[in-house]
Amino acid sequence: MSLAGLALAATGVSGQQVAPRTGVGAQAVVPPGFQRVTPGATTPDRDGFLRRWLLLEPINKPNRSNAGFTGSYVRQALTTPYFPGQMTAMPRDGQVVRAGAQSLEWHALGSTAFNVRLFDFAKALGKPTYGVIFWAVTIVDSPREMRDVRMAVGSNSASMWWLNGQEAVGLFNDRRMVVDDVLSDRITLRKGRNVIRGAVINGPGLSDFCVRFLDAQGRPITGIKNDVR
């Protein structure tokens, strides 16, 4: 199927990191639309979408609607420190962090589709699906330095994305997930390891996202590795 036209219809307080759970693997439940992560890096799909992610169980952030997701509100909500190492640490599968009164676990999962279905992820784990913030982290390993590429993101609802600690993409206001909805400015993928972080905020309704890189000619980049460790 052509990707053209594809679309899918509290303030936190930083807490203390706690030890990973014992005997309860992050993969104990595999939500629909996901699969277990096997050892070794993978590659993006043929359209360049990154499917392997570390997903944090949702942080409570009550919003009765998505209408108030202005740029200023979203930026404040998604740059608030909720848990230790939010913008610096590489999480581990099964690691548990404290976000205010919540104990939240990181889950290493591979999406079976080009989009990462956050609503289904939360629902399968018995976690809140509305009025929440999701955090996602992944690694891209590039065989060489790639200049003038763009990060292309779609999300439902608003979101922000960082590459190697620098803000790359912001999607504001109430929106459905559309492929390549917002493109970053021209950026550089380093040779070797690159860390991508994203945060998606949602009130009522479904939530998901998709991320890929496009080269200087707008073509999907597939010659990279994708992993979560």
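Close-up 1. At 31% relative accessibility, arginine 117 counts as partly exposed, a class lying between buried (under 20% relative accessible area) and exposed (over 50%), with a 1.4 Å probe and protein chains only. This model is predicted: local features need pLDDT of at least 70, side-chain atom pairs count only at pLDDT 80 or more, and totals for chains, interfaces and linings use all residues. Residues are numbered from 1 along each chain as its sequence is written, and side-chain values use heavy atoms, with hydrogens and water left out. Arginine 117 forms a salt bridge with aspartate 120, with 2.4 Å between the closest N and O atoms; the term denotes a side-chain nitrogen of Lys or Arg within 4 Å of a carboxyl oxygen of Asp or Glu. Aspartate 120 is buried, at 18% relative accessibility.

**Close-up 2. The salt bridge of glutamate 167 and arginine 75.** The whole structure holds 10 salt bridges. In one of them, the side chains of glutamate 167 and arginine 75 meet at 2.6 Å, N to O. Glutamate 167 belongs to strand β10 (residues 166-171) and arginine 75 to helix α1, so the pair ties together parts 92 residues apart in sequence. Helices (H or I, at least four residues) and strands (E, at least two) are DSSP runs, numbered from the N terminus. Glutamate 167 is partly exposed at 40% relative accessibility, as is arginine 75 at 32%.

**Close-up 3. The network around aspartate 227.** Salt bridges link Arg52, Asp227 and Arg229 in a network. Within it, the closest N and O atoms of aspartate 227 and arginine 229 are 3.9 Å apart. Aspartate 227 is buried, with 11% relative accessibility.

**Close-up 4. Aromatic pairs.** Rings of Phe, Tyr and Trp (its six-membered ring) pair if their centres lie within 6.5 Å; planes under 30 degrees apart count as stacked, over 60 as edge-to-face and the rest as tilted. The count comes to 10 aromatic pairs. Phenylalanine 69 and tyrosine 73 are stacked, because their ring centres are 6.0 Å apart and their planes lie at 10°. Phenylalanine 69 is buried at 0% relative accessible area, whereas tyrosine 73 is partly exposed at 25% relative accessibility. Phenylalanine 83 and tryptophan 106 pair edge-to-face, 6.0 Å centre to centre and with 75° between the planes. Both phenylalanine 83 and tryptophan 106 are buried. Ring pairs join Phe83, Trp106, Trp135 and Trp162 into a cluster.

**Close-up 5. Histidine 107.** Histidine 107 lies in strand β5 (residues 102-111) and is buried, at 4% relative accessibility.
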